[in-house]
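Me: Please consider the structure shown here, and let us discuss how its parts meet.

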Amino acid sequence: MTVPADLRYSSSHEWLRLDGDIATVGITAHAQEALTDVVFVELPAPGSNVDAGDPTAVVESVKAASDIYAPVAGEVIDLNLEVETDPSLVNSDPYGNGWLFKLRVRNPAEVGELLDATAYRALIS
Amino acid sequence: MPVQYTSILDEHRAVRTKAGIFDISHMGQFFVSGPGCAAWLNRLLTNNVEHLAPGHGQYTLMLNDQGGIIDDLIVYRSGEADFFLVVNASMVEEDFFWMAAHQDPDIVLRNESALWAGMAVQGPQASALFAATCPDLPLPPPKGYATTAAGAIVSRTGYTGEDGFEWFCPAAAGPAAWNQFIAAGATPCGLGARDTLRLEMCYPLNGNDLSPAHSPIEAGLGFFVDLDKPAFIGRDTLVRHKTAGTTVKLSAIQYTGTGAPPRAHYPVLADDGTVLGELSSGVLSPTLMTGIGMAYLPTRFSKLGTPLQIKVRERLFPATVVKKPFYKPQ
């Protein structure tokens, strides 16, 4: 199972990539495999402010709807509209074109509290 | 049976285009015999077992005294005074208790649910797969069944709308039969695909679409009710529903565009926002790639083309009442 070394992870299976104070968020390869065929993605309202752990997006397979939580607090500044039209990107490229939303991180220190790749790999093994 | 073995979409498509196999060992098997048992079953069930020749089965319903649905099942006739019933897993005890409570002294009623394994092989290639696996046994005609030399029962029935068969055998023989059908090319399929396949056909699921709160007439299953045979349990309500009409009707609802997958219990609204009820079943149809579902709607909202909205979390998705079924197999 792919767990890129340069990302941070939540125990609820979101990944986060930090670039300055902008965090890109998606779900892990492990999460998409557990969900199987993603058929619908509901993204947050742009400009909304979220706290760490807030349900921020919804990813649905035929089987079930799953809440996606903000790994850290911040303001939603960008959405991946491509996954709305092609939800299968979440399955085929979870760490790339299947990203979900971007946050302007309120407190960068929160990012350090997330799991690193080693800890996340231990969590799912 | 797991929800899925690999992916609901893949398993669904395997059944629609090739052949899939479902483990239905959880379903219940009752055996009924004794003089007068045909007349007795006719008092307990809505369809007419006297229309069955030995070797044939029919879809039927068992009702409570108010005409509400206890269970839907298939009854097979094996002889003049011999029948077997395949009932829903969740209803085995309740069905058996109900039947035993109405038992006539001459009737022998046996619950053999724990003794039988069952599997359903479904799809356009199912009959070829059967011929390859059981070359000495002709596949029975639709709704018919046959018994193998080893004591398995094979019926030309299913819950997907595709051609296929159901295979019931003593539990110990189940794994070998399962492996044989897989080796012949059947894709293992789980509960998830079973649900999407049956809902595309508008086949009801007891507990979701059928309940003691609704009659077969409200559920649109009048075809499986014989009001001309001697009196049966629940008949009075059905006569009233048939003559005076019903206030609600189980309706097929389809999204007009794309949207979040509809699911059971999501609210169904009129186009002016009035809440009309909730979905009894709902899925994203893997064949149509849009949302489909069923709901008991007030009769005036159940006409084909009636505009509706399905509420998913805080969003509303436009939908309309459509003709059953959602999909007709090729």
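The model is predicted, so local features need pLDDT of at least 70 and side-chain atom pairs count only at pLDDT 80 or more, while totals for chains, interfaces and linings use all residues. Residues are numbered from 1 along each chain as its sequence is written, chains are lettered from A and ligands numbered from 1 in the order in which they are written, and side-chain values use heavy atoms, with hydrogens and water left out.

Me: How far apart do the C-alpha centres of domain 1 of chain B and domain 2 of chain B lie?

Reply: The bounds come from an automatic or database domain assignment. In chain B, domain 1 covers 8-198 and domain 2 covers 247-322. The distance between their C-alpha centres is 31 Å.

Me: What area is buried between domain 1 of chain B and domain 2 of chain B?

Reply: Contact means heavy atoms within 4.5 Å, and each of the two domains of chain B gives 7 residues to it. Buried area is the accessible area (1.4 Å probe) that two parts lose on being put together, summed over both. Carbon and sulfur atoms give 59% of this area, and the total is about 550 Å².

Me: Which helix of chain B gives the most to the side of domain 1 that touches domain 2?

Reply: Helices here are DSSP runs (H or I, at least four residues), numbered from the N terminus. Two of them, helix 6 (191-200) and helix 1 (8-17) of chain B, each supply at least two residues of that side. With 4 residues, the most is given by helix 1 of chain B.

Me: Which three residues supply 40% of the area that chain B buries against chain A?

Reply: The contact takes 13 residues from chain A and 16 from chain B. The area buried between these chains is about 1200 Å², with 56% from carbon and sulfur atoms. More than any other three residues, the 40% share of chain B comes from Arg263(B), Arg313(B) and Arg315(B).

Me: Which residue of chain A forms a salt bridge with Arg263(B)?

Reply: A salt bridge is a side-chain nitrogen of Lys or Arg within 4 Å of a carboxyl oxygen of Asp or Glu. Between chain B and chain A the count is 4 salt bridges, whereas across the interface of domain 1 and domain 2 of chain B the rule finds 0. In the bridge to Arg263(B), the closest N and O atoms are 2.7 Å apart, and the partner is Glu60(A).
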